[in-house]
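Here is a quick briefing on one protein chain. Look over the sequence and the structure, then read the points by topic.

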Amino acid sequence: MAFDELKESISEAEASAKSYIESSREFYKLKAFKLLMKGITGFAQSAFIAIAVVLALLFLSVSAGFFIGAELENTALGFLIVGGFYILVGILVFVFRRSLVKPLMARFSELYFEEI
């Protein structure tokens, strides 16, 4: 009798373990899907915003080049000044890149680990 009860308990434990493993597997599949979809939608939104910003910046730069060129009566000089401004911005971003990356990393890791 005790042997039968022990055998039945072991069978129940085995069934419970299998059920737990299957539930855990399904949970992690859903979790991975949620994180993947959040990443894809975030990337798509970021790409759309980046394209819009780049196009706006392009048109603003062209109009600034023409405006400065008209004021200086030399269109080429206007575009040269706008190009120089972008080179200066690029140098500043390069010099301060580490202080720009740290807050971004902190924010993205906060968003990622909030989901886990």
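The points below cover fold, dimensions, surface, charge and one glycine.

This is a predicted model. The protein holds 3 helices and 0 strands. Its radius of gyration is 30 Å, whereas a compact globule of 116 residues would be near 13 Å.

**Fold and dimensions**
- Read from the N terminus, the order of elements is α-α-α.
- Helix α1 covers residues 2-72.
- The C-alpha trace spans about 105 × 25 × 15 Å along the principal axes.

**Burial and surface**
- Of the 116 residues, 6% count as buried.

**Charge**
- The protein carries 11 positive and 12 negative charges.
- A patch of negative charge sits on the surface, formed by Asp4, Glu5, Glu8 and Glu12.
- Glu8, one of the patch residues, lies in helix α1.

**Gly65**
- Gly65 is also a residue of helix α1.
- Is Gly65 buried or exposed? Its relative accessibility is 0%, so Gly65 counts as buried; the cut-off for buried is under 20%.
- Gly65 and Ala76 are 11 residues apart in sequence. From C-alpha to C-alpha, Gly65 and Ala76 are 8.1 Å apart in space.

How values were computed:
Residues are numbered from 1 along each chain as its sequence is written. This is a predicted model: local features need pLDDT of at least 70, side-chain atom pairs count only at pLDDT 80 or more; totals for chains, interfaces and linings use all residues. Side-chain values use heavy atoms; hydrogens and water are left out. Helices (H or I, at least four residues) and strands (E, at least two) are DSSP runs, numbered from the N terminus. The radius of gyration is taken over C-alpha atoms; the globule rule is 2.2 Å times the number of residues to the power 0.38. Buried means under 20% relative accessible area, exposed over 50%, partly exposed in between (1.4 Å probe, protein chains only). Lys and Arg count as positive and Asp and Glu as negative; His and the chain ends are not counted. The place of a charge is taken as NZ of Lys, CZ of Arg, CG of Asp or CD of Glu. Patches are made of residues with over 30% relative accessible area and no salt bridge: like charges are joined within 9 Å, nonpolar side chains (Val, Leu, Ile, Met, Phe, Trp, Tyr) within 5 Å. Accessible areas come from the Shrake-Rupley method with a 1.4 Å probe; for residues, only the protein chains shown count as cover. A salt bridge is a side-chain nitrogen of Lys or Arg within 4 Å of a carboxyl oxygen of Asp or Glu.
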